[in-house]
Amino acid sequence: MLQQTTVAAVTGYFDRFSGIWPDVHALAAAPTEEVMAAWAGLGYYSRARNLHACAKAVAANGSFPETEAELIKLPGIGPYTAAAIAAIAFDRPAVVMDGNVERVMARRFAETATLPGVKPVLHAHAAALTPKQRPGDYAQAVMDLGATICTPRRPACGICPWIDGCAGRIAGIAETLPRKAPKKAKPIRLGWAYAAFAGGSVATVQRPPSGLLGGMLALPSSDWGAQLYDPEPPFEAKWRPIGEVRHTFTHFHLRLSVLRADLPRLAADCHPVEGALAAMPTVFAKALKLADAQG
């Protein structure tokens, strides 16, 4: 949950998640739609699908693997997570690299090349420093050093335990490191969302299991592309435009034009509005809130 997301945003979700599924076997046995609903609003939904798949793999195996090489084979576990589990949970001398560690290494060794190209160099520096004894404690210490002392802005160099050996501080460039290549502008994608109401319920769909927002409860919608074509609602009704919602994903900005229809009844695939809002990812919750307010 903490990948790409702050502790403040995660805490409530973690408490609810671990309350519903207190161990890996309980999570492995959970229906996919329930896992996705509990994750709704936290974003980066592939993490939830991978977490569920990982729980199933671990439950089938009977236990967590202990080596970095085996851990990285599990769904959703990349180099950072595999190294962190191996070092912290199993005391293996793995090189744990997150953004905090990258920043510490870039400053300690005054590496001025830009990210992401400089990552292998920073990894090599971190590997040379990783001890065989208590590697988990060391990994957490360096991550905490970056999070609390060697911060992105105004690093507290005066209280840093590595102050004497920091080449970036000596050169007077520590606060400028690590350097990043200029970001590319995110493209804008356009689409339609269809909100059909009957009483206190709204028509819903389950998105395909793979792809962006896979497996999530959603409003019916069009494909998202560079152009906004004429709407093609999922069924005949008196649809009326009510506005636009905007949402930013990792790689693009999305603008959804929302149409609303009011019907005497809906097909079986519908949910009470409040329940749908709680289960939908943020972009569709925005569209539903806008449509609901125009009732």
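**A helix and its buried side**

Modeller: Let's start with helix α3 (residues 32-39), where Val35, Met36 and Trp39 are buried. They sit on the same side of α3, because together they cover an arc of only 95 degrees around the axis. That arc is taken from the directions from the helix axis to the C-beta atoms. Buried here means under 20% relative accessible area, exposed means over 50%, and partly exposed is in between (1.4 Å probe, protein chains only). Helices are DSSP runs of H or I with at least four residues, strands are runs of E with at least two, and both are numbered from the N terminus.

Before going on, a caveat: this is a predicted model, so local features need pLDDT of at least 70 and side-chain atom pairs count only at pLDDT 80 or more, while totals for chains, interfaces and linings use all residues. Residues are numbered from 1 along each chain as its sequence is written, and side-chain values use heavy atoms, with hydrogens and water left out.

Back to α3: the cover over its buried residues includes α1 (7-20), α2 (24-29) and α4 (46-61), with contact meaning heavy atoms within 4.5 Å. Just after α3, Gly41 takes a positive phi of about 95 degrees.

Asp98 is in the loop between α6 (79-90) and α7 (99-108). Asp98 is buried but has no salt bridge, and Arg103, the nearest side chain of opposite charge, is 7.3 Å away. For charges, Lys and Arg count as positive, Asp and Glu as negative, and His and the chain ends are not counted. A salt bridge needs a side-chain nitrogen of Lys or Arg within 4 Å of a carboxyl oxygen of Asp or Glu. What the side chain of Asp98 does reach is backbone: the nitrogen of Val101 at 2.9 Å, and that of Asn100, which lies 3.1 Å from one of its polar atoms. Those are polar contacts, meaning N or O pairs within 3.5 Å; within protein, one atom must be able to donate a hydrogen and the other to accept it, and residues adjacent in sequence count only if both atoms are side-chain atoms. Leaving out residues up to four places away in sequence, Asp98 touches Tyr80 and Met143.

Elsewhere, the structure holds seven salt bridges. One of them joins Asp262 and Arg260, with the closest N and O atoms 2.6 Å apart. Arg260 is buried, at 6% relative accessible area, while Asp262 is partly exposed at 44%. Salt bridges with shared partners join Arg240, Arg260 and Asp262 into one network. Another pair is Lys73 with Glu70, at 3.0 Å from N to O; here Lys73 is exposed at 61% and Glu70 partly exposed at 37%.

As for the cysteines, a disulfide is a pair of cysteine sulfur atoms within 2.5 Å, and the count comes to zero. Cys150 is in none, since the nearest cysteine sulfur, in Cys160, is 6.2 Å away. Cys150 counts as buried at 11% relative accessibility. Cys166 is buried too, at 12%, and its sulfur is 6.2 Å from the closest cysteine sulfur, in Cys157, which is too far for a bond.
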